[in-house]
Amino acid sequence: MKSIAKTFAGAIALTAATIGIAAAAYPEKTINYIIAFGPGGESDVSARLQEPFFKKYTGQSVAIQYKAGAGGAAAWSQINSVPGDGYTIIGTNLPHIVLQPLQKDVGYKTAEIANVYWFHYTPDAIMVPADSPYKTLKDLIAAAKKAPGTVTFTGSGTNTANHLAQRRFDKLAGMTTTYIPSKGTGESNTALLGKHVSAAFSYSTVGVQLGSQVRCLAVAMDKRHPALPDCPTFKEMGYDLVSGAYRGLAVPNTTPKALQKQVSDLIGKINKDPAFVKSMEDKGFAMVDIGLDQMDAFMAKEQKQTEAIAREMGIMKK
Amino acid sequence: MSESAARRDLPGIAGAAFFIVMGGLALWFSREFTPLGSVFPRTIAVTMILLSVAYIAVAFLRPAAAAPAPAASTWRRVALMVVLVAWALLLERVGFLVTSIACYAAILVISNYDRWTPRMAVMYALSGAAVLGGLYAIFKFVLQVPLPAGMLL
Amino acid sequence: MPGIEFLLGALTPFNILLAVGGVIAGTIIGALPGLTATMAIAVLVPFTFGIPPSSALIALGAIYTGAIYGGAYSAVLLNTPGTPSAIATTFDGYPMAKKGDGDLAITLACLASVIGGLVGAAFLLLLAPPMAQVALKFGPVEYFWLAVFGLTLIASLSESSVLRGLVGACVGLLLGTVGVAEVGGDIRYVGNFQALLGGFDVVSALIGLYCVPVLIDLVATPDPHLKLTHQVAGFRLGEALRIAWASKVNLARSSLIGTVVGILPGAGGSIASLVAYSEAKRVAKHPERFGKGEPDGVLATESSNNATVGGGFIPTLVLGIPGTPPDAVILGALMVQGIRTGPQLFGEQSEIVYTFIYGLFIATILMLPIGLVIGRYAFKSIVSIPKALLVPSVAFLTIVGSFAVQNNAHDVQQMVALGIFGWLASRAGFTASPIVLGLILGTIAESGFVRGYLIGNARGEPVSEFFTRPISIGIIVFILIGLMYPVITARRRAKGSTNE
């Protein structure tokens, strides 16, 4: 009947208007920022560094929650069951969210994660103890070629970013090294500083953190990192290796596109704040700005690259 | 119970037998592991089986006094276990607060041995609500633990 | 004393307030089963961002040491370690409570915690840089042997049946393999259960295996949980002081063990208290009293686990490598504040470090009066609360505590499943401690074994890697002594009895 149709149309119009108004006024209350790892890690530190800038640009605060488990999969597999109202955002990591579903059934698929921004990456870097006999990357490669398998690299985890980087570099340099997995950066730093291994395939942030105790032999960036001026890039040494672990933010995939764009723009603003950039770069992070517009293309590229390496390493799910 | 059976450590033997089975299963499922990943579980499983066998042998040869059977109120024990299982399974779907209130009340009833009077019921209800409410508030608001809301709350 | 000029800086009213508040908050949180020191610190870290770094450290250190002490409450009163560090405190703490000496046990725990904490802080103050270097010498192989050592200790602790203890330890070891293998990446024993993908969480296992069986047995009888044999008037402080003084060697040795184990990243209070307890039992005049309510047992475990606080800060501050899980959170907090750890922290930035260390001393000393008062209230409330309220309240704590570990309902399911399993196992005579300790040590043992093997293999000598490193050899000697000792003493005792 006509009156029902009118009521219906009115309801739709009202709802649309409400969503529109709500979207325009976002954010109006505290945003929940979920971290897929435990407290104290780099994702935690990044979030805490972003916190004051959330407040600066929106007037709202951010409540950080930890949901660790299964290397992040516990949180990522549950993000889409939360309402997509823009008040829950979750930290995401590459290559984790691409690599994990390829290896096993982790409760989510890469395509299901609605990423809105990638705001920095920690470039891979090779480090040796400060008094190591290897003064340059060439020394390390020469030693590895002379006695294949005797040069040991430690890194955080098995089939993770560090591990992939070690494999890729082995291929690029034409050498064979042995990877010794460590449980987290703490253990890998101990192994490195205690000289239980020859070197570590770690991150620039660790190089900054350990300071004068380590020597950075190479970093996987296009240009040298400002916080590590003495560390040459792989490219300078002739190896095309630019990689690292990316950090970004995602929302539940039920979030309307307009709202996703708002979140994306907000992160983008924070990411360009000079004070924020300085606090990040001082610690060894490398800024990156992949927003919602470039997201699909970027993810497609990442998916292809990571799948190729995974297939090569033989770690794809059977 | 016969004399000789009472002097054998039946529960211990049953437990050890269970662990032998557990070790066997562990070995069975470890077929698919990589070499490095299987070393440890297999070693442990084999050790566990050997130790359990040794335990059963010792238990048969040297009859020890079995632990005195604890005073039984079996239905309460089972009821508690059921409530705990229900609590764990329902808290996410139904909601933490509601599930907790229901299970808390259930356990209160299970744990009470005195005869129920109306006065007691009211007192327990009030103090239970106070304790539960206080603890819930500490966790939810002070410690900021995100307790799931589920369908109800 | 180094940096004594900063002692005044630590004595400001603000810092003292932080110390007091931190100890209170930490003690209460640590006492609740399921809430660990790590969690206490993680929750309170955001509040420390607006204050100067040394004050923030004082607050966090106070929380940390309070939480490690607080874990003793539920260990003594509910046979459930409030934190993994308090596992060994259940060995004698709970029997003491059952005998009616629960208040004495808590007072002893307080004294021991303060003493242990002071020793650990003293090492931090005086010997941090050299001890950090010692920590670095412990590689995967050393950790493996250390874990094996811990496992042999478990065996010797089981009074009734060594075999039972060993089987229990194996069960724990096997449970530890569930989940994603650290090396190799295999997914082991998970099946279709998403809940098991991350493996069995230690805290959930702790709560389940210790607390649930206690609850199940509590509902079975109308008897009160703990009986009072005397008036709860004072703290029994005089009595406790006398016992502590008589046991001073034990306290000193246990604190030393705790500090050293605390320095080793990844070891932690559970291992420290286990080793300290075993040593105390081994050299005791009446070792058979241990496990039945021997005060020296409580003194050994509580002093060693609080010593790991100071000890754990050594690698954290000197090397930037967290000594224990709470230290990892504190490191993160320092990073956000822009403090870089490392040798320079003791050099140019020494003001922060020394103000903090003196603050830690003050917080530890303040723990004595605060801990005694809180302990008295805890004891009175647990003893006087009617069973009908005690059981559901503790049950609620187990549920919410296991949930709060990772904000994941799966951990609650694990907790209940392990709880029921633990009750059945205890009916068969297999107690919780070997299983839980096996779980904790299993991950360390496997990680050490596999990594040590890979490292040795890279050099072409996988086997000798395990037997030729000096520290490993030392640990192996300890293992052999530990294994031979009961045999030797039994033989000696037998000879003695045949001579009569």
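How many bridges pair β5(A) with strand β7 (residues 199-203) of chain A, and in which sense? Two, in the parallel sense. View 2 below picks this up again. First, some ground rules: this is a predicted model, where local features need pLDDT of at least 70, side-chain atom pairs count only at pLDDT 80 or more, and totals for chains, interfaces and linings use all residues. Residues are numbered from 1 along each chain as its sequence is written, chains are lettered from A and ligands numbered from 1 in the order in which they are written, and side-chain values use heavy atoms, with hydrogens and water left out.

**View 1. Strand β5 (residues 152-156) of chain A is mostly covered.** Four of its five residues are buried (buried means under 20% relative accessible area, exposed over 50%, partly exposed in between, with a 1.4 Å probe and protein chains only). Strands here are DSSP runs of E, at least two residues, and helices are runs of H or I, at least four residues, numbered from the N terminus.

**View 2. β5(A) pairs with β6(A) and with β7(A).** Strands pair if DSSP finds at least two bridges between them. With strand β6 (residues 178-182) of chain A, there are five bridges, in the parallel sense. Look for A:Thr154: it stands opposite A:Ile180 in β6(A), and in β7(A) its bridge partner is A:Ala200.

**View 3. A β-α-β crossover leads from β5(A) to β6(A).** The chain goes through helix α6 (residues 161-173) of chain A on the way, and the crossover is right-handed (with the strands pointing away from the viewer, the path from the first strand over the helix to the second runs clockwise).

**View 4. A:Cys216 and A:Cys231 form a disulfide.** The structure holds one disulfide over all chains, a disulfide being a pair of cysteine sulfur atoms within 2.5 Å. Here the sulfur atoms sit 2.1 Å apart, and the link is left-handed, with -55° about the S-S bond. The pair joins distant parts of the chain, 15 residues apart: A:Cys216 is in strand β8 (residues 214-219) of chain A, and A:Cys231 is in the loop between β8 and β9 (244-251) of chain A. A:Cys216 counts as buried because its relative accessibility is 14%, and so does A:Cys231, at 1%.

**View 5. B:Cys103 is in no disulfide.** The nearest cysteine sulfur, that of C:Cys211, is 16 Å away. B:Cys103 is buried, at 8% relative accessible area. C:Cys211 is in no disulfide either, and at 1% relative accessibility C:Cys211 counts as buried.
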